[in-house]
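Subject: A structure for you to explore

Hi there,

Here is the structure I promised to pass on. Please open it next to this email and follow along as you read.

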Amino acid sequence: MALSQVLMVGGGMIAHDQLLPSLYHFQRQGRIGEIAVCASRFSTVRALAESETLRRAFPAQSFRGYPDREGAPQPELYREALAALPPRQIVVVAVPDQLHYPVVMAALECNQHVLCVKPLALASRHAAAIEREARARALVVAIEYHKRFDDRSLMARRKYREAAFGEFRLGSARLLEKWYYRHSNFQNWMTVEHSDAFTYIGCHYVDLVHFITGLLPVAVSVYGVRDRFPNGQQAFLWTDARVIWNNGACLNVQNGLSFPDDAPGTNTQGMTLYCAGPDIGALIEHSDQYRGLKHSYLTRSADPGATIYAEPSPDYFQYVDLGGAGLTPVGYGFRSIDYIVSAMLRIEAAPAAERRQLLDDLDGSGLIATPRNSRYNEAVIEAGRQSILDGGREVKFEL
Ligand SMILES: NC(=O)c1ccc[n+]([C@@H]2O[C@H](COP(=O)([O-])OP(=O)(O)OC[C@H]3O[C@@H](n4cnc5c(N)ncnc54)[C@H](O)[C@@H]3O)[C@@H](O)[C@H]2O)c1
């Protein structure tokens with residue numbers, strides 16, 4: 001049987017830092033076939049193809065690029081790339097948040113399995129439409145919440161479900177990306193009318209609290225500070241969200257593109273959950289930024305946000321030298337893609353009559369976020385968008 005082909009739509013930061021290297025590694029292992037990347041601009045595809053980091057790690061590998069030459073931006077070119085793909089291959093969606101829905105739907109209409117970066121969609125009805133379309137065609141749609149594959153999340157989930165912590169009551173989480181993100185392509189899309197810091201990155205911790213506790217959110221209020229990107233576009237670059245859960249618990253989430261460039265680490269992030277048992281308290285506290293490593297280099301690397309004194313995370317995504325040509329990707333960012341792609345390949349290899357049961361099992365196990373088992377994420381995002389545009393008013397919802 002021919003190996004599954006993979007088409008990635010979008011070739012920006014997450015494509016470079018996590019998705020393409022994971023796909024290249026599967027290709028090197030002989031688990032997937034050809035890889036194609038489609039962006040709206042040739043310059044994006046070229047930059048990805050010429051990346052020194054990727055060349056060093058995967059010296060013998062390359063992808064087919066759309067577009068393949070200079071020209072005007074082609075925002076609809078992904079439809080051509082999809083049409084060129086045989087049915088039931090894998091499409092990775094890595095475009096800005098507001099484009100996830102049309103690109104995922106177009107991929108499903110071409111009968112493709114879909115891995116979509118978070119958040120799946122900005123409206124619950126869009127996620128429901130994706131779910132219906134995928135089910136009708138017995139296709140996998142997986143939303144890539146890689147924090148789920150951090151062992152500390154899996155440890156907390158297992159212990160919580162063994163009742164080791166009692167019940168979550170009050171917590172806080174934060175994830176602030178570095179200031180330099182303001183100068184990136186984000187200024188073209190993370191603007192007030194489309195997205196905000198909570199929608200972009202806060203959804204990780206909402207998802208994680210459900211993943212660990214099984215609780216469901218019921219209301220959200222998001223206060224956003226309006227600020228401007230360097231290109232003058234207005235954006236909610238600082239947000240403070242309050243998420244209420246179905247047991248009355250409350251999670252505060254702070255987000256921003258605001259962590260100082262000169263501070264160590266690629267961002268700041270972490271989570272504290274206070275829990276209650278019978279007349280006794282319990283605690284889950286994760287420092288997701290400082291993971292015990294301190295490096296001080298001789299010189300500052302030219303990479304944006306790089307510092308001389310650094311606290312690198314060994315856990316999200318790193319390249320290690322395990323011998324042979326190139327480097328091997330490791331970390332939960334890699335494991336997450338591995339788990340999802342493996343599930344797609346397994347389901348595709350199964351007899352057609354068994355695929356729906358396997359899809360039910362995938363929804364039921366809850367390890368991968370699917371449109372069916374993670375509707376709460378789109379509900380929070382839709383309500384959060386309403387709230388932030390309305391000055392932080394609480395918005396309740398039903399799932
Ligand atoms: N921690 C995470 O899980 C995480 C981290 C970063 C980004 N993301 C998500 O990934 C998505 C992309 O983020 P990014 O950081 O790579 O952003 P980015 O701005 O660096 O890249 C976006 C890419 O989309 C491409 N694109 C835009 N319109 C297109 C179109 N019509 N057709 C084809 N390509 C198109 C652009 O060319 C660009 O390559 C966002 O939804 C973001 O929320 C997730």
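A residue is called buried when its relative accessible area is under 20%, exposed when over 50%, and partly exposed in between (1.4 Å probe, protein chains only). Please keep in mind that this is a predicted model, where local features need pLDDT of at least 70 and side-chain atom pairs count only at pLDDT 80 or more, while totals for chains, interfaces and linings use all residues. Residues are numbered from 1 along each chain as its sequence is written, and side-chain values use heavy atoms, with hydrogens and water left out.

Let's start with the salt bridges. Such a bridge is a side-chain nitrogen of Lys or Arg within 4 Å of a carboxyl oxygen of Asp or Glu, and by this rule there are 27 of them. In one, glutamate 131 meets arginine 375 at 3.1 Å, N to O. The two sit 244 residues apart, glutamate 131 in helix H6 (residues 124-136) and arginine 375 in helix H11 (residues 375-389). Helices here are DSSP runs (H or I, at least four residues), as are strands (E, at least two), numbered from the N terminus. Glutamate 131 counts as buried because its relative accessibility is 11%, whereas arginine 375, at 42%, is partly exposed. Both belong to a network of salt bridges that also includes Arg135, Asp360, Asp363 and Arg372.

Another bridge joins arginine 31 and aspartate 338 at 2.7 Å, N to O. Arginine 31 lies in the loop between H1 and strand S2 (35-38) and aspartate 338 in helix H9 (residues 332-349), so the pair ties together parts that are 307 residues apart in sequence.

Now to the ligand. There are 26 residues around it, and Met13, Asp97, His100, Asn185 and His204 come nearest; a residue counts as near if one of its heavy atoms lies within 4 Å. A side-chain N or O atom of histidine 204 is 2.9 Å from an oxygen atom of the ligand. A backbone N or O atom of proline 75 lies 2.9 Å from a ligand nitrogen atom. Taken alone, the ligand exposes 830 Å², and the protein buries 92% of that. Helix H8 gives the most to the shell, with 3 residues.

Which residues make the nonpolar surface patch of about 380 Å²? They are Trp179, Tyr223, Val225 and Trp238. Members of a patch have over 30% relative accessible area and no salt bridge, with nonpolar side chains (Val, Leu, Ile, Met, Phe, Trp, Tyr) joined within 5 Å and like charges within 9 Å. Tyrosine 223, in strand S8 (residues 217-228), is partly exposed at 48%.

Enjoy exploring!

Definitions and conventions. Accessible areas come from the Shrake-Rupley method with a 1.4 Å probe; for residues, only the protein chains shown count as cover. A polar contact is a pair of N or O atoms within 3.5 Å; within protein, one must be able to donate a hydrogen and the other to accept it, and residues adjacent in sequence count only if both atoms are side-chain atoms.
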